[in-house]
Amino acid sequence: MSKEDKSSQDLEGAAAADPTTTSGAAAPSKKKKVMTRLAILEDRRLLEIVRTLQQNIFPVKYSDTFYENLFQQPHRMNHLAYFNDVLVGIVCVRLELASSAPGTPMTQTYSAGMTEPIRAYIMTLGTLKPYRRLGIASQLLDAAMNKLKTFVAENKLVLTEVALHVQVSNDEALSLYKKKQFIVGEVHVGYYKQLNPSDAHLLTKKI
Ligand SMILES: CC(C)(COP(=O)(O)OP(=O)(O)OC[C@H]1O[C@@H](n2cnc3c(N)ncnc32)[C@H](O)[C@@H]1OP(=O)(O)O)[C@@H](O)C(=O)NCCC(=O)NCCS
């Protein structure tokens, strides 16, 4: 989870405001893997619903620039997950220069054939609370990584790694990423200025 935080929110409170409860769609009653419909995030008209979804999942508040940038990415890695046509999950990824510290947005735009090595940085990956442990985040991550491979191959880019930060107390996320062969690395002290605990692990997966 990246740290574009302006204010923090209570995760429990966010779950109570779950938009799925007003839509009439029932949360899954059985803990079983489901076939979730995934869609590439590219329609700018979804900006506000995506903002609401993220506010209900993450304890970090993301800026207007964050949301605007989501719709200007040619890599098509960002995906939404729907369960019974209810929006329940999201993954957002950006490309960065591998020479910069993980979590540093690229100021230049990348172009086909660019020789400078890049990394993919997972900014957000999340599922609304009632829909967790159904394999939805795993499917979102797989979809983003597949698009990443295609984009890198088509544009002849040099990709070195996939990276992200996870709050040290976030056992669910650490468990998910370890299962996906990410290495839990160094602790970045005070990475999330408005969260408690504020420290984050840097997770990486070499490509
Ligand atoms: C972490 C998170 C994204 C997982 O989403 P999810 O849709 O429940 O994930 P999945 O169902 O694909 O779980 C995949 C694996 O992760 C691990 N995992 C997920 N939740 C877990 C939990 N509560 N306890 C232990 N392991 C867990 C398991 O290994 C699981 O595989 P299994 O169910 O076969 O055992 C979700 O809890 C979430 O949205 N948290 C808030 C946002 C966040 O912290 N995002 C991560 C940082 S970007």
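**Overall fold and ligand shell of the predicted model**

Buried residues, defined as those with 20 or more other C-beta atoms (placed from the backbone) within 10 Å of their own, make up 33% of the 207 residues in the protein. The structure is a predicted model, in which local features need pLDDT of at least 70 and side-chain atom pairs count only at pLDDT 80 or more, while totals for chains, interfaces and linings use all residues. Residues are numbered from 1 along each chain as its sequence is written.

The protein has 6 helices and 7 strands, taken as DSSP runs (helices H or I, at least four residues; strands E, at least two) and numbered from the N terminus. Along the sequence, these elements follow the pattern α-α-β-α-α-β-β-β-α-β-α-β-β.

The 7 strands form an open sheet of mixed pairing in the order β1-β2-β3-β4-β5-β7-β6, where two strands count as paired if DSSP finds at least two bridges between them. Because β1 (37-40) and β6 (183-188) stand at the edges, each with a single partner strand, one side of each is left without a neighbour in the sheet.

Strand β4 (118-127) is largely enclosed by the rest of the structure, because 10 of its 10 residues are buried. On one hand, β4 is joined to β3 by 9 bridges and runs antiparallel to it, with Ala-120 as the bridge partner of Leu-95; on the other, 4 bridges join β4 to β5 in the parallel sense, and Ala-120 is there partnered by Val-162.

Two helices lie across the sheet strands. Helix α5 lies across β1, β2, β3 (86-97), β4 and β5 (159-167), whereas α6 lies across β5, β6 and β7 (200-206). β4, α5 and β5 make a right-handed β-α-β unit, meaning that, with the strands pointing away from the viewer, the path from the first strand over the helix to the second runs clockwise.

The ligand is surrounded by 21 residues, of which Gly-126, Arg-132, Ala-137, Ser-138 and Leu-176 are the closest; a residue is near a molecule if its C-beta atom, placed from the backbone, lies within 6 Å of it. At least two residues of this shell come from each of β4, α5 (136-154) and α6 (171-179), and α6 supplies the largest share, 5 residues.

Technical notes
Contact = placed C-beta atoms within 7 Å. Axes fitted to C-alpha atoms, helices over the stretch in contact; angles between N-to-C directions. Buried ≥ 20, exposed ≤ 12 C-beta atoms within 10 Å, placed from the backbone.
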